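Biologist: Before the discussion begins, please display the model. I shall then ask for the grounds of each description.

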Amino acid sequence: MEKNVSAAMTEEDVLRDYSGAALAYLGDGVMELLVRERFLKKGNMQAEKYHRNVTAVVNARSQAAAVEQLMDRLTEKEKDAYRRGRNASVHTRAKSATLGEYKKATGLEALFGFLYLTGQRARMDSLLDEIMGGSGESNEL
């Protein structure tokens, strides 16, 4: 039976119905889209510059660092979603990151998948503000 993912689901439903890998799969796309949107709203630039700015934020090493700064601010349900992604069985790894960094990044992506499915756009924006320093740019840039 197909699930209606366009309507917000409860946190419990999402944690019960979706694996960490599934949440990370969705969250990867959601996070990249939200970061792209932020850079696009900052002004017009060449596609290559957009790509460079976005990939500076949405890569395993940066995402792993972001998890460290966010962890104390997450709710228990958000931490559950993060742990499900972090602990998911992975069969690949980013070339420029350690396995530990890759797992943390996968956890962050799962968190964003969880927040998306539960309709928590404001929370995603708030977390991205922290990750990107509120300015639309990565703290690492």
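Biologist: Where do Arg 16 and Asp 13 lie, and how many residues apart?

Modeller: Both lie in helix α1, three residues apart, about one turn of the helix. A helix here is a DSSP run of H or I with at least four residues. The model is predicted, so local features need pLDDT of at least 70 and side-chain atom pairs count only at pLDDT 80 or more, while totals for chains, interfaces and linings use all residues. Residues are numbered from 1 along each chain as its sequence is written, and side-chain values use heavy atoms, without hydrogens and water.

Biologist: Why is the contact between Arg 16 and Asp 13 called a salt bridge?

Modeller: A salt bridge requires a side-chain nitrogen of Lys or Arg within 4 Å of a carboxyl oxygen of Asp or Glu. The N to O distance between Arg 16 and Asp 13 is 3.0 Å, so the pair qualifies.

Biologist: What makes Arg 16 exposed?

Modeller: Exposed means over 50% relative accessible area, buried under 20%, and partly exposed in between (1.4 Å probe, protein chains only). Arg 16 has 57%, and is therefore exposed. Asp 13, at 25%, counts as partly exposed.

Biologist: Why is the pair Lys 77 and Glu 12 called a salt bridge?

Modeller: The closest N and O atoms are 3.4 Å apart, so the pair meets the criterion. The partners belong to distant parts of the chain: Lys 77 is in helix α5 and Glu 12 in helix α1, 65 residues apart.

Terms used: Helices (H or I, at least four residues) and strands (E, at least two) are DSSP runs, numbered from the N terminus.
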